[in-house]
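Visitor: I have a structure to look at, and I want to know where its labels come from. Could you take me through them?

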Amino acid sequence: MTYVTPLRLEAITDPEMLELIAQARAVGVPDDLFPRIISRAPEQAKPIMRALLMSFTQGNVDHRLKEIIRVLLARFANEKYFASLRSRKAQAMGLTEQRIDEGCNAYEDDAKEFSEAEKWALRFADLLYLDHTQVDKEFYDNLKKHWTEAQIMELGSFMVCHYGMQMAMRALGGRGDAA
Amino acid sequence: MSTNPDAVDAAFFDTLRKHYSDDEIVELALFIGLNLGFHTFFGSLKFYPLFSPEGRLLTQAESEKFYGNAPSSLKTQAAK
């Protein structure tokens, strides 16, 4: 139960917001609850929905890796709502629940066969919000061996949007034991 | 939300509602959430403002001297 009552879906009439909600439904992240809450602040709601969707579904980083990172960050944030949602797009691309758990908990284990590029991206997510002091010049030098600067900005911007909104949802009452 | 998110509970919201509407609380939560996200990432990229407090254009090395010692940890600030 959220601390703030979500708007009824019928109360959202802005055509662009409705289109963003439809896009989100197709992906599966976020579901209708998040836009119904943030539409209480309509000037913020549309750009935030756009940023969430664009950073998650567009770009040059594998969507399945982004989905693992998104769930990992939601678990860090101890935010049940976003941690419980799953990308239908990633599932259609073959991402399984087992692989998500391996990415969140055991990506350093060579037996799990994550590529070096994937490991560095997952370390990026791990460290940025657990111990950002370790994300230093040496860390970026290593990251650049596997990812272009454009991809690093894509990953960083994606994490900014999703972690930030996970923390917002946690504050608004979407928290609990992470899924 | 930043240093002790567990403290943002129902009792906290009851107090917050004495001063802000639910719409304003959502607006604040979104603003604070985004700032939590991007300050951590952008902080790691080590870039600094283009201008000094007096409006003089700075190189990044000069700007780091001006702004590089700005608060690096909200927890440190909270402890103070």
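Visitor: Why are helices α4(A) and α8(A) called roughly parallel?
Guide: Set the value against the cut-offs. Helix α4 (residues 63-76) and helix α8 (residues 116-130) of chain A pack at an angle of about 25°, with axes 10 Å apart. Angles under 35 degrees count as roughly parallel, over 145 as roughly antiparallel, 65 to 115 as roughly perpendicular and the rest as oblique. So α4(A) and α8(A) are roughly parallel. The axes are lines fitted to C-alpha atoms, for helices over the stretch in contact, and angles run from 0 to 180 degrees between N-to-C directions.

This model is predicted: local features need pLDDT of at least 70, side-chain atom pairs need 80 or more, and totals for chains, interfaces and linings use all residues. Residues count from 1 along each chain as its sequence is written, while chains are lettered from A and ligands numbered from 1 in the order written.

Visitor: What makes the contact of α4(A) with α8(A) nonpolar, polar or charged?
Guide: Contact means C-beta atoms, placed from the backbone, within 7 Å. From α4(A) come Leu65(A), Ile69(A), Leu72(A), Leu73(A) and Phe76(A). From α8(A) come Glu118(A), Ala121(A), Leu122(A), Ala125(A), Tyr129(A) and Leu130(A). Ala, Val, Leu, Ile, Met, Phe, Trp, Tyr, Cys and Pro count as nonpolar, Asp, Glu, Lys and Arg as charged, the others, Gly among them, as polar. The tally is ten nonpolar, no polar and one charged.

Visitor: What makes α1(A) and α3(A) roughly parallel?
Guide: Helix α1 (residues 15-27) and helix α3 (residues 42-57) of chain A pack at an angle of about 30°, with axes 10 Å apart. By the cut-off already given, α1(A) is therefore roughly parallel to α3(A). Their contact holds seven nonpolar, two polar and three charged residues.

Visitor: How do you know that chain A is as compact as a globular protein of its length?
Guide: Chain A has ten helices and zero strands. Helices are DSSP runs of H or I, at least four residues, and strands runs of E, at least two. Its radius of gyration, over C-alpha atoms, is 16 Å. The globule rule, 2.2 Å times the number of residues to the power 0.38, gives 16 Å for 179 residues, so chain A is as compact as a globular protein of that length.

Visitor: Which element of chain B gives the most to the side that touches chain A?
Guide: In all, 22 residues of chain B are in contact with 25 of chain A. Helix α2(B) gives the most to that side of chain B, with 17 residues.

Conventions: Two residues are in contact if their C-beta atoms, placed from the backbone, lie within 7 Å.
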